[in-house]
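Open the model in your viewer and keep the selection tool at hand. The stops below go one selection at a time.

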Amino acid sequence: MGFPDGSKDLSSEMEVDAFRRLFPLQYFERHLAEAIRPDGRPLGKARDTTVVLGAVASANGSALVKIGSTTMLSAIKMEVMTPSLESPDEGCIAIDFHMPPICSPLVRPGRPAEAAPVVSKQLSDTISGSGIIDLKELSLVTGKAAWMAYLDVYCLDADGALFDAALLSAVAALSHLQIPAVSMNDDGKIVLVSDDDGQKQAQELVNKEKRNLTLRSIPFSLTCILHKNYILVDPTAEEESVMETVVTIALDTSGQLVSLYKPGGPVLAFTPSIQDCVALTRQRVKELKGILEEANSTMQVE
Amino acid sequence: MEFVSPEGLRLDGRRPMEMRQIRAEIGAVSRADGSAIFEMGNTKVVAAVYGPREVQNRSQQMSDQALIRCEYSMANFSTGDRKRKPKGDRRSTEISLVIRQTMEACIMTNLMPRSQIDIYVQVLQADGGTRSACINAATLALADAGIPMRDLVTSCSAGYLNSTPLLDLNYVEDSAGGPDVTVGILPKLDKVTLLQMDSKLPIDILENVVQLATEGCKAVANYIREILLENTKQLEYRRGV
């Protein structure tokens, strides 16, 4: 009742940091009224994004992505497995998202973070739903051997917009993935071809040389917060904890909607606000596409 | 198998008394009170410290000192073959315990009663010497968090293959079946806080190998001091001193 007025009286008397801790909502609203956020960004601007490919040397494909302070490291390891009976000419991708306790003060060891399985499921669904990879490309010998790609995404620093960063790092790792060269030996088992014995003619090369996967439509996403009439793009962890209504939209490079996720929240979203979010996501997709292409071309130069 | 060639070079081209290249960075995790990345050759480790903060489990609260907790975990992709169970397995639990007890020796826990300090270490790439890299990273992270310590704790490993003491084993040398001695010291006080060895080693050789590992620890300590000094200078510039 007396809260809004009470805080106005106190705001002139207390230090900014104290006001930020005690009345977080009022603190943010004062900024929003000036169309700016505490870290100086305008409402529609996302944080600085960097993508570095090949961060983990021992993995077949890897990427480190930073959106502001949120850091995600993903790596892909390939193993040979027998394909299932229903789809003998398809490989498989297993996606796992981890939030180790280093990433946030809210994560306790022994108890997985609340957000972890949610982001994990979202990530699996988005990547399989977008059709980014044709699983037939992961097949080796129909009915006998196929690739199993284990994609592990680790959150090293959780500062809001976890799904965006996780999706970007998963996609970047897939674009960096190099399928190793293998051949079938006499027992019918698939073995890795190392550089020394590539001369052996007795082994028939199943996969002649290292190759990259062809990526079809690449999904990118953007998380927005809805608060009263404002739409805040790419929230930090502090903003997410204060204003709880979050909308995540994933579009692919051809402009098609891959997924839309609004898990409840106190603010109701009318169609115009969702359309605004989609428009903001469209802009962001162009940015992210450029960043990913630049990262890929830097890798090729090396 | 030959681990030291007749010319005296190891598998990766190092001399027997040569350490791998070390690199450290403070403040990698923005949300942590203190954090650091430590690399020893191809072994890459991230450490984050949260604390001192309120004890989460009231029954464990100690009225005269701080509670130190430590968790060591390896990323699934950190080793050559993908690990299935990165956390609960015996090796991780043992290393968590070792790191906790090593750091407890140097943190001045009696200055922070009724509180909890969490040290989390995550191995991103494992190529031998993960235990040592974790301890070194934890030391830097604790210093970054401003937690009072009696001294730095630095750690290094050494082994004995082909009748030669070798400093800072990598994964291939470690899995060769020879002895692996890990030493952790408080460099200024010149005291040993951690000493672990597995496999067999004649006693007269043990002293040489431990001495070698201690020299390695002192080299790491010098590097860590440089990093901390540089970090402090940066903080001073930012405050306008």
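Is B:Arg23 buried, partly exposed or exposed? Select B:Arg23: this residue is partly exposed, with a relative accessible area of 41%. Here buried means under 20% relative accessible area, exposed means over 50%, and partly exposed is in between, with a 1.4 Å probe and protein chains only.

Before going on, note that this is a predicted model, in which local features need pLDDT of at least 70 and side-chain atom pairs count only at pLDDT 80 or more, while totals for chains, interfaces and linings use all residues. Residues are numbered from 1 along each chain as its sequence is written, chains are lettered from A and ligands numbered from 1 in the order in which they are written, and side-chain values use heavy atoms, with hydrogens and water left out.

**Stop 1**

A salt bridge is a side-chain nitrogen of Lys or Arg within 4 Å of a carboxyl oxygen of Asp or Glu. B:Glu25 is partly exposed at 36% relative accessibility.

Next, select B:Lys218 and B:Asp190. They also form a salt bridge, and their closest N and O atoms are 3.9 Å apart. This pair links distant parts of the chain, 28 residues apart: B:Lys218 is in helix H4 (residues 203-239) of chain B, and B:Asp190 is in the loop between strand E8 (180-186) and strand E9 (191-198). Helices (H or I, at least four residues) and strands (E, at least two) are DSSP runs, numbered from the N terminus. B:Lys218 counts as partly exposed at 31% relative accessibility, whereas B:Asp190 counts as exposed at 53%.

**Stop 2: B:Pro52**

Move to B:Pro52, in strand E3 (residues 43-54) of chain B. B:Pro52 is partly exposed, with a relative accessible area of 42%. Leaving aside neighbours within four places in sequence, B:Pro52 is in contact (heavy atoms within 4.5 Å) with B:Met112, B:Ser115, B:Gln116, B:Ile117 and B:Ile147. Now draw a distance from B:Pro52 to B:Val181: C-alpha to C-alpha it is 32 Å, and the two are 129 residues apart in sequence.

**Stop 3: a surface patch on chain B**

Select B:Met1, B:Leu11, B:Tyr171 and B:Val172. These residues form a nonpolar patch on the surface, with about 460 Å² of accessible area together. Patches are made of residues with over 30% relative accessible area and no salt bridge; like charges are joined within 9 Å, and nonpolar side chains (Val, Leu, Ile, Met, Phe, Trp, Tyr) within 5 Å. Accessible areas come from the Shrake-Rupley method with a 1.4 Å probe, and for residues only the protein chains shown count as cover.

**Stop 4: chain A as a whole**

Switch to chain A, which has seven helices and 15 strands. Of its 302 residues, 46% are buried. The chain exposes about 15,100 Å², and carbon and sulfur atoms supply 52% of that area. Among contacts in chain A with a separation of 6 or more, residues 24 or more positions apart account for 68%.

**Stop 5: charged residues in chain A**

Select A:Arg20 and A:Glu238, a salt bridge whose closest N and O atoms are 2.7 Å apart. A:Arg20 lies in helix H2 (residues 16-22) and A:Glu238 in helix H6 (residues 237-242) of chain A, so the pair ties together parts that are 218 residues apart in sequence. A:Arg20 is partly exposed at 26% relative accessibility, and A:Glu238 is partly exposed at 29%.

Which charged residue is buried yet has no salt bridge? Select A:Asp164, in helix H5 (residues 162-176) of chain A. A:Asp164 is buried without a salt bridge, and the nearest side chain of opposite charge, A:Arg284, is 6.0 Å away. For charge, Lys and Arg count as positive and Asp and Glu as negative; His and the chain ends are not counted. Not counting residues up to four places away in sequence, A:Asp164 touches A:Ile67, A:Ser221, A:Leu222, A:Thr223 and A:Thr248.
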